[in-house]
Amino acid sequence: MENIKFLHTADLHLGSALINLSDPLKAKVRRRELIDTFKRMADYAQINGVSGFIVAGDLFDSGAVSPLLKKEVADIISSASSVVFFLLGGNHDSKSFDDDFVSMLPQNAVVLQHGKTCAFSEVNVTGYFVDEVFCVEEIPVFDEEKFNIVVLHGQTTSGNAGQINLKKLQGKNIDYLALGHIHSFSKGNIDKRGVYAYSGCPEGRGFDECGEKGFVLFDTQGGVAFKPYARRTCREIKIDVSGCDGYVSRLNRISKEIAAFPADDMFKIVLTGETQNAASDLNMLRDKLSERLFFVKIEDNTKLKIDRERLRKEMSLKGEFFRTVERLKASPEEKEKILRLGLKAMSGEEADCD
Ligand SMILES: [Mn+2]
């Protein structure tokens with residue numbers, strides 16, 4: 001058998017509103033980029049001699065995407081005319097695979113029907129909808145002479161329960177199980193013969209989709225490789241700003257920590273550690289960092305540093321508050337909580353006044 005190459009992707013969620021990106025202009029750019037990444041993957045397949053392009057569900061974000069987006073997808077598929085696209089509806093988007101969409105699709109697109117095998121030279125491609133009635137037992141033992149690909153959208157399990165029970169897929173002559181639904185790449189063995197993989201989503205849409213994203217390339221000789229391909233990466237970075245009590249020192253600390261990453265990426269910066277001021281300068285930091293980063297969001301998880309010796313003697317509102325809390329009839333944990341809340345509020349007020 002000649003070596004036949006496949007690209008496996010899933011969970012593109014085209015048409016996502018991207019509400020987590022609080023900046024509407026950046027969200028708009030990202031919506032275009034999600035579509036463009038589908039185009040870039042199609043180009044990659046066409047240029048690199050990939051024969052089959054598998055979308056293992058959730059091509060669209062919902063069952064109600066615009067006709068314009070459907071047309072865009074059809075045009076992208078049509079632009080990679082030497083590649084056959086196998087599309088499986090997922091839990092989010094199967095309603096978007098309506099007559100309108102199907103009629104727009106070019107010759108090189110195959111919409112996978114539940115349990116129906118598409119013969120593609122020496123390869124069999126079979127998709128199943130993992131809905132309430134799906135049962136892994138309905139997957140047959142495939143022809144051992146062929147290279148058998150199964151496409152599913154759902155969560156695998158390795159125990160005895162669960163719908164995509166990997167144990168029950170053993171001995172079915174599956175060579176490659178193309179999975180969608182989990183948004184990060186992973187792979188493993190089904191049995192001596194077969195491999196399963198989640199391609200993950202090709203682009204992170206928010207900070208619940210951090211880290212490297214891309215697609216899987218596999219072939220009929222057994223090659224399986226993850227290919228990073230995202231336009232931007234979402235990163236959540238914890239930065240300890242202990243001892244950085246002002247805007248400039250915090251800015252310097254953050255800049256140093258993120259210097260190694262591309263400015264094109266999307267950052268969620270979580271400030272940790274103990275500082276003497278509540279971080280009332282978060283917006284200032286964000287605006288400053290946004291001058292050179294595509295998108296940045298800052299979360300303050302710092303704790304106020306409490307100088308007990310000083311507060312015990314200090315003739316100020318804070319000192320008075322500290323001494324009052326110390327005299328309270330409450331548990332040490334409760335006192336600590338009251339102290340932190342009060343001091344944080346007071347230092348926030350101070351920072352706003354000066
Ligand atoms: Mn999904």
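**Helix packing and a buried loop residue**

Mentor: In this predicted model, the buried residues of α5 pack against α4 (247-258), β16 (266-272) and β18 (295-300).

Trainee: Which residues of α5 are the buried ones?

Mentor: Helix α5 spans residues 282-290, and its buried residues are Leu282, Leu285 and Leu289.

Trainee: What puts them on the same side of α5?

Mentor: Their arc around the axis. It covers only 65 degrees, so they lie on the same side of α5. As a general point, an α-helix has 3.6 residues a turn, so residues three or four places apart point the same way.

Trainee: Now α1 and α2. How do they pack?

Mentor: Helix α1 (residues 24-47) and helix α2 (residues 67-79) have axes 9 Å apart, at an angle of about 20 degrees.

Trainee: Why is α1 called roughly parallel to α2?

Mentor: Angles under 35 degrees count as roughly parallel. The angle here is about 20 degrees. Therefore α1 is roughly parallel to α2. Their crossing is right-handed.

Trainee: Which residues meet there?

Mentor: From α1, Arg32, Ile35, Phe38, Lys39, Ala42 and Gln46. From α2, Leu69, Glu72, Val73, Ile76, Ile77 and Ser79. By class, this contact has 7 nonpolar, 2 polar and 3 charged residues.

Trainee: Thr233 is in the loop between β14 (224-228) and β15 (234-240). Why does Thr233 count as buried?

Mentor: Buried means under 20% relative accessible area. Thr233 has 14% relative accessibility, so Thr233 counts as buried.

Trainee: What is Thr233 in contact with, leaving aside its neighbours within four places in sequence?

Mentor: Gly211, Glu212, Asp265 and Met266.

Methods
Residues numbered from 1 in each chain as written. Predicted model: local features only at pLDDT ≥ 70, side-chain atom pairs only at ≥ 80, totals over all residues. Heavy atoms only, no water. Axes fitted to C-alpha atoms, helices over the stretch in contact; angles between N-to-C directions. Helix = DSSP H or I, 4+ residues; strand = E, 2+ residues; numbered from the N terminus. Parallel < 35°, antiparallel > 145°, perpendicular 65-115°, else oblique. Left-handed = near helix turned anticlockwise from the far one by under 90°. Contact = heavy atoms within 4.5 Å. Nonpolar A, V, L, I, M, F, W, Y, C, P; charged D, E, K, R; others polar. Buried < 20%, exposed > 50% of the residue type's maximum accessible area, 1.4 Å probe, protein only. Arc of directions from axis to C-beta.
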